[in-house]
Amino acid sequence: MSRFTLANVHLFTPEHTFGPLTSIGVENGVITDDTGGEVVDGRGGYLLPGLIDTHVHIGHADELAAGLRWGVTTMLDMATTRWDELRALRDNESDDRADVRGVSYPACAVRGRAVRKMGFPASTAVSGPEDASRWVAERLRQEPDHLKIVLEDKVLPFQPKPLSPATVAALVTEAHRAGKKVVVHATSPQAYATALDAGADVITHAPVSATLSADLAGRVASSGTAVSPTLVMMRGVLENLRMPFRPKSLHFGQTLASTAALNDAGATIVLGTDANADETSPARVAHGSAVHEELALLVDAGLSPADALAAATSRAAAVFGLHDRGVLAEGKRADLLLLNRSPLEDITASRDIAGVWKRGVTR
């Protein structure tokens, strides 16, 4: 039996504040109200649940280990061509790397980027509403945790025709019938509207081409659809599209403004980075460390530090049905991040890490 007490720490509460100095017990990888065993002195630090990155792409177990070093104890993969390998990592959880969940292959349009450039099989493409049941059935055989749809905007004449709203709606209906939540890649207000009309559970990315209107942000909030803005990724994409190749209509200010509009409307915002090391990606994003950049960018977009931390812990866990983690409570996983300073005073304190535990095992 593994048992210890982490003493002299301020706990992150369900109200997203830090309480007075106290102790927390851990037994066999689970938080308990009973203290005992070895006493670990937290030295007045600030204890959070392990952070959750709701949008990554994993190519190797080392990237999950990198996440854990930065206090990210759970990572959600949002499409990989190497699903069998990732599923093996998911099903054989180890305490020396972040826990992982995934969506397997994404739905995309015929000749969509996933098929043309990213190496996904041709069956990833969905030809129309009548093809939705086939696509969902194929994904279910892969045993994913969630499903993902990629909505690409047709900006230039040579780009393929995107998935139709009817096709997106059919995919969401079939996925929900199978008990799977659906994440929709959307980078424009029009794509957001299509995702909302279809009943998507989560929208990933914030627009770069235009700012979400207050009305559309209000629709997101009232629908209950969550948003993972992936600000660090959107910033990277725009930095790589340097002038004169980047149209003036694309700028990061719109991405921040869209996130601010969602926050002002009361939409559910969760943290995601789109971390990847893929050569085909429009921007590479570091696993683990990028979560702390994303926290700071969420605050720049108008979220309070408390809300940004909730987006990376309890709120992310609730949106994706990870009911065994995300909060510091009896019976929850002892996925823990101990900081030397309060991130409520300065969000960059999230990088000042004193300790990380996954299922009660210190990194």
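**Notes on the predicted model**

1. Of the 363 residues of the protein, 56% count as buried, where buried means under 20% relative accessible area, exposed over 50% and partly exposed in between (1.4 Å probe, protein chains only). Please keep in mind that this is a predicted model, in which local features need pLDDT of at least 70 and side-chain atom pairs count only at pLDDT 80 or more, while totals for chains, interfaces and linings use all residues. Residues are numbered from 1 along each chain as its sequence is written, and side-chain values use heavy atoms, with hydrogens and water left out.

2. On overall make-up, the protein has 12 helices and 15 strands. Because its radius of gyration is 20 Å, close to the 21 Å that the globule rule gives for 363 residues, the protein is as compact as a globular protein of that length. The radius is taken over C-alpha atoms, and the rule is 2.2 Å times the number of residues to the power 0.38. Helices (H or I, at least four residues) and strands (E, at least two) are DSSP runs, numbered from the N terminus. The C-alpha trace spans about 65 × 40 × 35 Å along its principal axes.

3. Next, contacts and surface. Among contacts with a separation of 6 or more, 65% join residues 24 or more positions apart; contact means heavy atoms within 4.5 Å. The protein exposes about 14,600 Å², with carbon and sulfur atoms supplying 50% of that area, computed by the Shrake-Rupley method with a 1.4 Å probe, where for residues only the protein chains shown count as cover.

4. How many cavities of 30 Å³ or more does a search of the whole structure find? The search finds 1, and the largest cavity has a volume of about 60 Å³. On a 1 Å grid over the protein atoms alone, a cavity is a set of points where a 1.4 Å probe fits but cannot get out, whereas a pocket is an open set with protein on both sides within 12 Å along at least five of seven lines; lining residues have an atom within 4 Å of a point. Grid points are joined across faces, edges and corners, and a volume is the space filled by probe spheres set on the points.

5. The lining of the largest cavity includes Phe 12, Pro 49, Thr 313 and Gly 326. By class, this lining has 5 nonpolar, 5 polar and no charged residues; Ala, Val, Leu, Ile, Met, Phe, Trp, Tyr, Cys and Pro count as nonpolar, Asp, Glu, Lys and Arg as charged, and the others, Gly among them, as polar. Thr 313 sits in the loop between helix 11 (305-311) and helix 12 (314-319) and is buried at 0% relative accessibility. Not counting residues up to four places away in sequence, Thr 313 touches Phe 12, Pro 49, Gly 50, Leu 51, Ile 52 and Gly 326.

6. The second largest pocket holds about 220 Å³ of space. Its lining has 12 residues, with Glu 152, Asp 153, Pro 162, Leu 163 and Gln 190 nearest the centre. Helix 6 (residues 189-198) gives the largest share, 3 residues, and the lining divides into 5 nonpolar, 3 polar and 4 charged.

7. Ala 198 also belongs to helix 6 and is buried, with a relative accessible area of 12%. Apart from neighbours within four places in sequence, Ala 198 is in contact with Val 168, Ala 169 and Val 172. Glu 174 is in helix 5 (residues 165-177) and is partly exposed at 24% relative accessibility.

8. Two backbone details deserve a look. Most residues other than glycine have a negative phi. Ser 104, in the loop between strand 7 (99-102) and helix 3 (113-116), has a positive phi near 65° and is buried at 0% relative accessible area. His 205 has a positive phi of about 90°, lies in the loop between strand 10 (202-204) and helix 7 (214-223), and counts as buried at 3% relative accessibility.
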